[in-house]
Every structure is written in C-alpha cells, then in structure tokens.
Amino acid sequence: MKLEKWHLSLTLICLLFGVLFTSNLKTQLQVFNPMAARNKTLVTVIKTQEEKNKELEAEIARIRETIEKYTSPGSIQAELEPIQKDLEKLKILAGLTEVHGPGVVITLDDQEKARTARDPEYYLIHYSSILYIINDLRAAGAEAITVNNDRVVSTTDIRCAGNIILVNTHRLAPPYEIKAIGNPDLLEEIVRTGEYTSLEFSKFPVSIVKRDNIVIPPYKGSYTFNYAAPPKEGEK
Amino acid sequence: MFRKKWQLTLSIAFACLGLLLSLQFRTHKAMIDDLNYQSNETLATIARNLQTQYYQLIQEVWDLRTQLKLLEQNADQNKTALEALTRERQKLNTAIGATPVEGPGLVITVPENEESYFGYQDVVDIVNELWNAGAEAVSVNGFRVTNNTSLLPNEDYSAMVLNGIQLSAPYVIKAIGEPAALEKGISIPSGIIDKLISLFKVPLEIQQVDKINLPAANVLDFNYAQTVTAPATK
C-alpha cells in the first residue's frame with residue numbers, strides 16, 4: 001500500500017513531465033516551421049511600414065508646431081485687428097465715409113443784378129463768403145460740411161479763379177449749397193451772427209433751413225503728406 | 001534508506017518539472033510579443049492596417065503642408081497689410097490733426113501793432129491760403145488747425161477767439177510743407193498776404209524754416225453725424 005502511494009506520485013509527475021516536454025518541443029519546433037519562414041516577408045513589410053509611419057507622424061508633429069506659431073496671439077494677425085479698428089474710426093473722422101444726421105442747409109446765390117450791372121463784382125458770391133460761413137459752422141461744432149456736395153475736410157481750400165469758386169480744386173457754380181451736420185439750432189444761431197447775415201443784409205438771395213436728416217458724401221480727394229512726419233523719438 | 005531514495009527521485013522530478021514549466025512560460029511570452037509567431041492572417045491584417053494608416057498620414061501631411069503654405073503666404077500678406085495700414089493710420093491721424101508732426105515749412109508772424117487792424121477773418125484767410133499753397137499741417141498760436149478749428153471775434157472785436165480760447169498778438173501761423181512753394185503760394189498778387197501787406201500795411205513777417213513742430217489737437221468724436229454702417233463714433 002505504502003509502496004503504491006509513492007508510485008502513484010511518480011507516475012503523475014512522469015505524466016506531467018511527458019506532456020510538458022512534448023508541448024515545449026512543439027513550441028520550439030514552431031520557430032523553425034516553414035510557415036513561420038513565409039511570414040518573414042510579411043513581418044519585414046510590417047516593420048518597414050511601421051518605420052515609415054513613425055517618420056510621417058514626426059513630420060506631422062513638426063508641421064503642427066509651426067502652424068501653431070502662425071496662429072498664436074502675438075502673430076501679425078493679432079496686430080492687424082486693433083489697427084483696422086482704429087482706421088474705421090479715423091476714416092469717419094477724416095471724412096472718408098458718407099454720414100447723415102441733423103443739421104442745416106444754407107444756400108447762397110448771386111444777385112440778379114450781377115447779370116446787368118456794369119460792375120458785377122458786388123453782386124456775386126465770393127469765395128470768402130463761403131470760407132467764413134464754413135468757419136462759423138465749424139465754430140458751431142459742425143461735424144461734416146459740404147459745399148455743392150464737395151466734402152470740406154481740414155485741408156480743404158476755397159478760392160476763386162476769375163469769377164469761379166473752387167473747393168478742393170473742383171469748380172463750383174451758383175447757387176452754392178452748404179450743408180452741415182451738427183446741432184441744427186446752434187449751427188443756425190452761430191451762422192446768423194456772421195458772414196451769412198452780412199450777405200442777407202446786402203440783399204443776396206440766401207437761406208438757411210434746419211433739417212432732420214442730411215446726407216453728406218465722403219471726401220473724394222487725397223491726403224498727401226510728404227513733409228509732415230511724426231516727430232522722431234526723443235525729440236520734443 | 002529506501003524511503004530516502006524515493007524522496008530523492010521525487011525531488012529531481014519536481015526540479016525538472018519546474019524548469020520545464022518556466023521554459024514553457026518564457027517561450028510562450030516571447031511568442032506573444034514576436035511577430036514571427038503570429039498567424040498569417042494576423043500579420044496580413046496588421047500590414048493592411050499599417051498601409052491604411054500610412055496613406056492617411058500622407059494625406060494629413062499634405063493637408064498640413066497646404067495649410068502651412070497658406071499661412072506663410074498670409075503672413076507675408078499680413079505683414080504687407082500691417083505696414084500699409086500703419087502708414088494709413090499715421091496719414092489719417094495727420095489729416096485730422098490727432099498726432100503731432102514735424103517738418104520744414106513757413107512761419108508767418110503778425111506782431112502787435114496799433115495802426116492796422118488784423119482780424120479773425122484774416123487768419124481764416126491765411127490758413128485757407130496756406131492749404132491752397134500745399135500746406136500739410138497748420139497751427140495758429142500753437143493750436144493745430146483741424147476740421148473743427150474756427151476763429152471768431154471776441155465780444156468787442158478787440159481780439160480773436162480760437163475754439164473758445166482768446167488769442168493775443170503776436171499771431172503766429174505755422175505751416176508744414178515745402179517752404180519755398182508755401183511762400184510762393186501765399187504771396188500771389190492780390191492774395192490775402194499781398195492785400196494785408198500793401199493795402200492794409202500789416203507788418204507781416206514770413207520766414208522759411210527747416211523744422212517746425214506742430215502739436216496734436218484734441219479731435220472730437222462725432223455726436224450727430226452717423227455713418228450708414230456704424231453709429232456715431234464713441
């Protein structure tokens with residue numbers, strides 16, 4: 001009985017031993033089996049492909065990093081925006097946009113006598129009358145002014161050549177219509193204290209009307225600065 | 001003794017078993033990791049997937065390169081745009097008088113004098129004449145002339161008032177521009193300067209200078225005038 005017990009154990013171990021050994025041998029054999037050899041090509045393909053894909057992934061990471069630089073704040077794109085915003089406002093203030101609002105419309109015309117008089121000078125509207133009325137309109141806080149639809153800006157000059165009045169070097173013909181946007185009451189009040197009243201007094205056909213909505217076209221001329229430059233740094 | 005013998009045999013047998021077990025385990029582990037031990041189908045699937053991924057990656061690289069190229073072109077354009085817009089901003093700020101400027105030009109001085117009248121309209125006329133002569137920026141007694149600048153007489157017409165500030169002699173009008181052209185432009189016969197000097201005997205002094213500094217004016221925003229697209233500027 002006793003002998004049989006250890007016999008049994010040994011038998012069991014031998015059995016296990018045998019099974020494991022065969023299994024192990026089988027595994028070892030698989031390495032050298034012809035099927036595995038054929039797979040070699042496939043494995044090479046896979047390894048090469050993996051290498052290539054890795055390179056591409058590295059390339060993608062590189063490009064993405066560069067793209068990041070172009071789109072991050074602090075790029076030129078970000079610098080552009082505030083300037084564009086400034087310009088939008090500046091264009092309005094510089095008279096480069098059409099504007100509308102309340103204001104006054106003043107009309108000035110030559111006197112009938114100008115046609116027949118021996119000395120028509122005294123019956124014609126002169127450039128200076130327009131110039132002084134514009135000055136008065138500016139004093140009344142006019143924000144946009146036109147003469148016969150020619151926008152008056154800071155650098156606008158008004159002069160005459162013979163009997164022709166030029167505004168922004170454009171020839172104008174009577175009647176002269178001056179439009180101004182601003183506080184209508186104030187505009188009329190100030191205008192009536194100056195040149196306009198002198199013309200009225202001299203019997204020129206003039207009129208001033210307050211309007212709720214006047215449309216003023218943009219300045220079509222140029223702003224050219226060849227001599228006026230921003231002061232250099234460190235100078236006062 | 002006998003009992004010892006089978007014990008020895010059993011021990012050897014167990015040792016061998018352990019060795020075999022560990023060997024088997026190691027081989028098995030290596031097999032899982034190594035492609036060489038995969039089946040043909042598995043390998044084919046892996047290869048196919050890698051191939052698909054490869055083409056997708058190439059597509060992505062292509063897309064990104066295109067995007068980058070556009071961004072680079074854009075950056076060049078933006079740089080050009082930035083320069084152009086900065087210049088335009090400077091120009092418009094100069095135009096409306098919102099920025100100080102310097103340059104060569106002309107200084108017209110009207111000293112205090114008792115004999116001849118020199119009024120606010122004369123200043124308006126001189127400034128107008130200067131614009132006509134090609135002035136780029138003008139100031140009157142240190143105040144930059146803008147589209148809001150006006151001159152009015154004071155109550156008893158003894159002095160002139162520029163935008164609410166009373167001025168007093170000497171009146172100094174400065175203009176930036178080509179000095180000779182400015183002087184020639186304002187000195188035309190029967191022009192305002194000619195009239196003031198020869199007709200009204202105003203002791204005017206005109207001086208060409210190499211450098212004039214003009215301050216910025218306080219430019220007011222519009223309250224009444226509105227654009228079609230945007231409301232009045234704030």
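1. Is the crossing of H3(A) and H2(B) left-handed or right-handed? In this predicted model, the crossing is left-handed.

2. From H3(A) they include A:Ile76, A:Leu80, A:Ile83, A:Leu87 and A:Leu90, along with A:Glu79, A:Asp86 and A:Lys91. From H2(B) they include B:Ala75, B:Leu82, B:Leu85, B:Leu92 and B:Ile96, along with B:Lys79, B:Glu88 and B:Arg89. By class, the contact of H3(A) with H2(B) has twelve nonpolar, five polar and six charged residues.

3. The contact between the chains as a whole takes 76 residues from chain A and 83 residues from chain B. On the chain A side, H1 (2–31), H2 (34–71), H3, strand S1 (99–108), H5 (127–139) and strand S4 (158–161) each supply at least two residues. H2(A) gives the most, with 19 residues. The chain A side divides into 41 nonpolar, 21 polar and 14 charged residues.

4. Strand pairing also links the chains. S1(A) is joined by two bridges to strand S9 of chain B, residues 226–227, and the two run antiparallel. Within this pairing, A:His100 has B:Gln226 as its bridge partner.

5. Chain B has an open sheet of three strands in the order S4-S5-S6, with antiparallel pairing. S4(B) (151–153) and S6(B) (165–167) stand at the edges with a single partner strand each, so one side of each has no neighbour in the sheet. The twist averages 40° from one strand to the next. S5(B), residues 160–162, is joined to S6(B) by three bridges, and B:Val161 has B:Gln166 in S6(B) as its bridge partner.

6. Helix H3 of chain B, residues 120–132, lies across S4 and S5 of chain B. This helix runs at about 165° to S4(B).

7. B:Leu196 is found in helix H5 of chain B, residues 192–199. Is B:Leu196 buried or exposed? B:Leu196 is buried, because 20 other C-beta atoms lie within 10 Å, and 20 or more is the cut-off for that class. Leaving aside residues up to four places away in sequence, B:Leu196 touches B:Asp122, B:Val202 and B:Leu204. B:Asp122 is 74 residues from B:Leu196 in sequence, with the C-alpha atoms 8.3 Å apart in space.

Terms used. Residues are numbered from 1 along each chain as its sequence is written. Chains are lettered from A and ligands numbered from 1 in the order in which they are written. This is a predicted model: local features need pLDDT of at least 70, side-chain atom pairs count only at pLDDT 80 or more; totals for chains, interfaces and linings use all residues. A crossing is left-handed if the near helix is turned anticlockwise from the far one by less than a right angle, and right-handed if clockwise. Helices (H or I, at least four residues) and strands (E, at least two) are DSSP runs, numbered from the N terminus. Two residues are in contact if their C-beta atoms, placed from the backbone, lie within 7 Å. Ala, Val, Leu, Ile, Met, Phe, Trp, Tyr, Cys and Pro count as nonpolar, Asp, Glu, Lys and Arg as charged, and the others, Gly among them, as polar. Two strands pair if DSSP finds at least two bridges between them. Axes are lines fitted to C-alpha atoms, for helices over the stretch in contact, and angles run from 0 to 180 degrees between N-to-C directions. A residue is buried if 20 or more other C-beta atoms lie within 10 Å of its own, exposed if 12 or fewer, and partly exposed in between; C-beta atoms are placed from the backbone.
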